[in-house]
Amino acid sequence: MWDQKFETLLRDRLPGLDAGAPLTEDLPLAAFGLDSMATVGLIGAIEDGYGTLPDEAVTPANFTTPGTVWALVSSLSGSGR
């Protein structure tokens, strides 16, 4: 599972997700407000907190669920954080 920093930065970009609602691995991010502008902000936050994303990794498929985003973040270190 992901760390608290990841959960916070992702929740900050999901205006449709209630504060007490669980952030599950398969939650459809677009359904809770992750649009293209929020995705750009999420990419910036990931890079600030975890490291630079390779250009080829910045694809819509990597930003569909918390699980896909965390897999991307985990790949930055090779082992997750």
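Me: What is a nonpolar core, and which residues touch the most other members of the largest one here?

Reply: A nonpolar core is a set of buried Ala, Val, Leu, Ile, Met, Phe, Trp, Tyr and Cys residues joined through side-chain atoms within 4.5 Å. "Buried" means under 20% relative accessible area, "exposed" means over 50%, and "partly exposed" is in between (1.4 Å probe, protein chains only). In this structure the largest nonpolar core has 23 residues, and F6, L14, L42, I46, F63 and V69 touch the most other members. Two or more residues each come from α1 (4-11), α2 and α3, with α2 giving the largest share, six residues.

Before we go on, a word about the model: it is predicted, so local features need pLDDT of at least 70, side-chain atom pairs count only at pLDDT 80 or more, and totals for chains, interfaces and linings use all residues. Residues are numbered from 1 along each chain as its sequence is written, and side-chain values use heavy atoms, with hydrogens and water left out.

Me: How do I read a contact, and what does L42 touch?

Reply: Contact means heavy atoms within 4.5 Å. If you skip neighbours within four places in sequence, L42 is in contact with L9, L10, R13, L34, F63 and V69.

Me: Where is T39, and is it buried or exposed?

Reply: First, the helices: they're DSSP runs (H or I, at least four residues; strands are E, at least two), numbered from the N terminus. T39 sits in helix α2 (residues 36-50). T39 counts as buried because its relative accessibility is 17%. Apart from residues up to four places away in sequence, T39 touches L34 and F63.

Me: What about T65: where is it, and which backbone oxygen does its side chain reach?

Reply: You'll find T65 in the loop between α2 and α3 (66-77). With a relative accessible area of 16%, T65 is buried. Now for polar contacts: these are pairs of N or O atoms within 3.5 Å; within protein, one must be able to donate a hydrogen and the other to accept it, and residues adjacent in sequence count only if both atoms are side-chain atoms. Here the T65 side chain reaches the backbone oxygen of E25 at 3.3 Å. Beyond its neighbours within four places in sequence, T65 is in contact with E25, D26, L27 and L29.

Me: Why does T68 count as partly exposed?

Reply: T68 counts as partly exposed because its relative accessibility is 23%. T68 belongs to helix α3, and a polar atom of its side chain lies 3.4 Å from the backbone oxygen of N62.
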